[in-house]
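Hi there,

Here is the structure I promised to pass on to you.

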Amino acid sequence: MDSDGDLDVASAQYFEPGAAFMWLERTTVPGPDHPVGGFTPHVIDTTQGRAIQLRPVRNLHGDGRTVWVGSNHTNTVFPPGSTDPASQVVSFSVPADPRSPWTTTPLSTGIVARGRAGQAAPGVFGSGDLDGDRDIDLLVSGDGDDRLFWLEQRDDRTFDTHVLATAAGQAGGALVTDLDRRWPPRNEAVFTVFESDSVVVWSRDRAV
């Protein structure tokens, strides 16, 4: 995280109040008193409410840089009068000193959790070239929004949000991979859908 040569830890945060995303700086090497080392917490963002996933996406914009992407986990419609932030996937701009708060750029639009208790959106996401145009797209579970989403990257580095499926609540997976190894190479989208007790594979010509 801070380019000092050791490994730090970064995570989304749902159950603890305050920061939606944070990272832990390794400040003590492992030893008898600290078997896994010592870590100092740093806040990444406090504007996104609760969150479910944070991960680095290598070469997201085709320039060789790794971009951090996060998915919050909020419900803007329940309970009535909810003050939760918009449910969305965002990318982060990391400041020169990563211990300072990072700035966010929304990537998704129109993801909304269902109006019931215990539901929040979006869920987990994956990354890869889903449409064969050689850039990196994002595959997103709506989770509390019962739709599955493909975030198509455009030439200007913005993303269009497309709905892949409905009636697919609480989905996991969100894997972009070439499952069948056919020629020419082509990635599929893979979700596990809790509410239909199924694993669904989407290709560019059919759903399996």
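Asp4 counts as partly exposed, at 43% relative accessibility (buried means under 20% relative accessible area, exposed over 50%, and partly exposed in between, with a 1.4 Å probe and protein chains only). You will find Asp4 in the segment before strand 1, which covers 9-12. Its side chain reaches the backbone nitrogen of Asp6 at 3.2 Å, a polar contact in the sense of a pair of N or O atoms within 3.5 Å, where within protein one must be able to donate a hydrogen and the other to accept it, and where residues adjacent in sequence count only if both atoms are side-chain atoms.

Before you go further, please keep in mind that this is a predicted model, in which local features need pLDDT of at least 70 and side-chain atom pairs count only at pLDDT 80 or more, while totals for chains, interfaces and linings use all residues. Residues are numbered from 1 along each chain as its sequence is written, and side-chain values use heavy atoms, with hydrogens and water left out.

Now the overall picture. The protein has zero helices and 14 strands; helices (H or I, at least four residues) and strands (E, at least two) are DSSP runs, numbered from the N terminus. Its radius of gyration is 18 Å, close to the 17 Å that the globule rule gives for 208 residues, so the protein is as compact as a globular protein of that length. That radius is taken over C-alpha atoms, and the rule is 2.2 Å times the number of residues to the power 0.38. The C-alpha trace spans about 55 × 50 × 35 Å along its principal axes, and buried residues make up 44% of the 208 residues.

Most residues other than glycine have a negative phi, and most peptide bonds are trans. A cis peptide bond joins Phe78 and Pro79, with omega about -5 degrees; Pro79 is in the loop between strand 5 and strand 6 (89-93). Another cis peptide bond joins Trp183 and Pro184, with omega about 0 degrees. Pro184 sits in the loop between strand 12 (171-177) and strand 13 (188-193).

As for phi, Asn59 has a positive value of about 55 degrees although it is not a glycine. Asn59 belongs to the loop between strand 4 (51-58) and strand 5 and is partly exposed, with a relative accessible area of 26%. Asp4 and Asn59 are 55 residues apart in sequence and 21 Å apart in space, C-alpha to C-alpha. Asp143, not a glycine either, has a positive phi of about 60 degrees. Asp143 lies in the loop between strand 9 (137-141) and strand 10 (148-153) and counts as buried at 16% relative accessibility.

Best wishes, and happy browsing!
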